[in-house]
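Subject: Handing over the two-chain structure

Hi,

Here is the structure I said I would pass on.

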Amino acid sequence: MPQNELVTSLGLDEYKYHFITQAKPVFKAQRGLSEEVVRQISAHKEEPEWMLKFRLKALEIYYSKPMPTWGGDLSDLEETLDQIYYYLKPQDQMERSWEDVPPEIKETFEKLGIPEAERKVLAGVGAQYESEMVYHSLKKEWEEQGIIFESIENGLKLYPELFREYFGTVVPAADNKFAALNSAVWSGGSFVYIPKGVKVEAPLQAYFRVNAEQLGQFERTLIIADEGSQAHYIEGCTAPVYSTDSFHSGVIEIIVKKGARFRYTTIQNWSKNMYNLVTQRALVHEDAHMEWLDGNLGSKLTMKYPSCYLIGKGAHGQILSIGYAGDGQHQDTGGKVIHAAPYTTSQVISKSISKGTGRASYRGLVKVYEGATGAKSNVECDALLINDTSRTDTFPYIEIEEHTANVGHEASVSKIGEEQLFYLMSRGLSEDEAAAMIVRGFIEPIAKELPLEYAVELNRLIELEMEGSVG
Amino acid sequence: MANTMVIEGVTAAFNRGAAEARAAGSPEWLREKRLHAWQVYEETPFPTRKVEEWRYTDVSQFSLESVRLAERAGAGVVVPAAARARLEGKKAAGRVLVVGADVAAIELDEELRAKGVILADLAAAAETHPDLVMTHLGTKALPAEAGKFAALNGALWASGIFLYVPRGVRVEEPIRVVRWIEEEGTAVFPRTLIIAEAQSHVAYVEEFASPDFEAPTLSCGVVEVFARDGADVQYVALQQWGKGVRHLSLQKTIAEKDSNLDTLVVNLGGSVARVDLGARLEGTGSRSDMLGLYFATGDQHFDHNTRQDHVVPHATSDLLYKGALYDRSKTVFRGIIRVHPKAQKTDAYQTNRNLLLSPDAEAVSLPNLEIEADDVRCSHGSTVGQLNEEELFYLMSRGLTRQAAERLVIFGFFGEVLERLPLPDVVEELKTAIAARIG
């Protein structure tokens, strides 16, 4: 079967997950934001007093900070923010078993392939539907190892002390306007704790989606990888297309303690009307490793710069980023690495593809503080432009205060080479197939780091997107 | 006076009256231009660190509060021996000596004058060649609207230099200019306008020098360079001010079809230097080599802000800025390559390399790309690091002292910039100046 037909037969057309099911939210806060809404959310979640105070303080900070004027175009955002619901709760109870999940929600998950994931022996699923975890399963063996993998709400209820010790310490509410907004109205997300020395073999997966129209999603995730532990957390998301703009603003906080290794993988494929403004940050202690693997394929505008604060001697941070900007999309992504301790090392690899009127921007920071003796950092950014209307930018910030540091940054911009195309076509490939193959080769260094099913999906998506795009 | 409106950057010395005074005796169009520039200056807010381009440099260093306007001395201008010495014995097709706000001396090879080359005081040229000056001075390159400091210079410039090279004329030796400040605490506003007609060739080398000063002293200059079709132009700025001088320089080069327009920006002296250099590749087949070299010691702060604007297809720009930092110095490099949608087949490169040679020095590097065409070759690279220990070890194993080895490696580091400059005499002078700084 010719490859083009094969792709079509896979059903990966324009937007695979463009469907809407009829879910009835149990509770709906009013549209727009106010102190009343924040109090309602907190009361509804039966939160302790300190959390309500934290939320209200964050709301004040949110109001006091101006809209960012850098990065992407946020001029329509203010109107959007007045229109969205800041909180929705689809069910009163957290579901423990699959049978209890309402049928229309199951139907949505079916289309997303969730049941397959569930059937996997090794995979755990924390599925987020609308604003909250509706379904959450944790494999027994993990419970035995003492691993905590809960919804963020349950984390607060069941482990109040552990939660309070770390919550808001990596990304304080005052960090930026959208972190403040998230801190005020957060809902949903995961709470993960990996005990000392525990190695988690299979990745922890959270699959979630936004469904109700104009629903704001303010997911909040807090992860603590205790000394010497190892784990991999995967988050992927997809949302149906609606006519009005949607908004997603998450905060991910990770603490990687001494000697621990942690990898956080996100594949973001929000529908193309979504504003996706996320703050992801990890504190990396002595001899610990933190890896961010960040894929941005969807959304109208994404502004996301996963960061590693290397605060312990010998800490290592790695950021691998893939951005795909199709027609009308702007991926403003990159990464930040702060070297604040001796002998810390970091690597950032960013690959972006801009097609049609898409725009992919790399924005990154490497900062080496005085005293971070022997720090080393290397940044590589490669951009591929498919059409003459596509655009790419590179905005790296390099600030070095330590004279024993070695820091390098390289970037290149290219298009698909005529010679490469000619060679592949002389071997019998159609132009589209050849172009898709070249693009796959371009992102391969990062795609190979993805779990198999994600890599397969990414490759299929690229084949589809490359149809009729050259020549 | 209590109800007088306070306008930022307007002081007893710097006001509309000062712009009027500078316009005295000039043609009406120039007077209007200066007053318009002053108007723009008053209406433009003083930049702050919140503005992205000023994020790493304290713009208040260029405040007019603590300096006074350097007045013209006219015929009574005294040329210090140290200033004159800087031009002596140097091969040149033309020489200009500027002291403070006065163009003290100009000489040009007679043969070139006969061929139509003009090297003149800009104020005089505005009267003798209004057609050329009116259409190029502060128009498409750096008009008052380009910013607060472009407007300030546009209103108050003095000691302007005008260089015009007619079609097909080749000026074999460089034009050498020395700009000197003798009076402490003054502010000078140098201006340079260079027009190289089609197929012409010229190299223009200007040096900024002064004694060391205690009090803040300011130089706020504008340079505009036009290279017409097929012209070959080199512009070199050697900043070797004494201590205490704040150096602010706005430079814009416009390269037309098949022209070659190279620049070298050297920062060695002064206490704070900020150079904004914009290269506009406006003609197909044009090329700009943009070289930079800086050597910062003590508490020096150098900030380079470069721009490579590709607006047409088939143009090339290649930027290489290298710097060494000692003591508590800080340097900033911010460069942007901007490829506009129609500029296919662009080749644009940008490299910034820094040697951090002291625990207290700090280097900031921001190499940016904005690409809106797809068939381009663009790349940038940036590094911050130290001298290579292995290279030092090798040289020391051959009998060199550590100091001599370091010196050699630093020379090698800068050699990459210097070897690309087609002006052997200038290269030799620079090597001497760098050697003096390494000590």
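Below is what I found in it, starting with how to read the numbering.

This is a predicted model, where local features need pLDDT of at least 70, side-chain atom pairs count only at pLDDT 80 or more, and totals for chains, interfaces and linings use all residues. Residues are numbered from 1 along each chain as its sequence is written, while chains are lettered from A and ligands numbered from 1 in the order in which they are written.

Let's begin with chain A. Its secondary structure comes to 13 helices and 23 strands; these are DSSP runs numbered from the N terminus, with helices (H or I) needing at least four residues and strands (E) at least two. Chain A has 471 residues, and 51% of them are buried. A residue is called buried if 20 or more other C-beta atoms lie within 10 Å of its own, exposed if 12 or fewer do, and partly exposed in between, with C-beta atoms placed from the backbone. If you take the contacts in chain A between residues at least 6 apart in sequence, 83% of them join residues at least 24 apart. A contact here means that the C-beta atoms of two residues, placed from the backbone, lie within 7 Å.

Now for where the chains meet. On this count, 30 residues of chain B are in contact with 28 residues of chain A. On the chain B side, the elements giving two or more residues are strand E20 (362-371) and strand E21 (377-385), and E20(B) gives the most, with ten residues. By class, that side of chain B has 14 nonpolar, eleven polar and five charged residues. Nonpolar covers Ala, Val, Leu, Ile, Met, Phe, Trp, Tyr, Cys and Pro, charged covers Asp, Glu, Lys and Arg, and the others, Gly among them, are polar.

There is strand pairing across the two chains as well: strand E23 of chain A (residues 406-415) runs antiparallel to E21(B), joined by seven bridges. Strands pair if DSSP finds at least two bridges between them. One place to look is A:His409, whose bridge partner in E21(B) is B:Ser382.

Leaving out residues up to four places away in sequence, B:Leu250 touches B:Leu142, B:Phe149, B:Ala150, B:Val222 and B:Asp276.

Finally, B:Glu256 sits in the loop between strand E12 (245-255) and strand E13 (260-267) of chain B. Is B:Glu256 buried or exposed? B:Glu256 is buried, because 22 other C-beta atoms lie within 10 Å. Its contacts, not counting residues up to four places away in sequence, include B:Ala227, B:Arg228 and B:Ser286. B:Thr284 is 28 residues from B:Glu256 in sequence, and their C-alpha atoms are 7.3 Å apart.

Cheers
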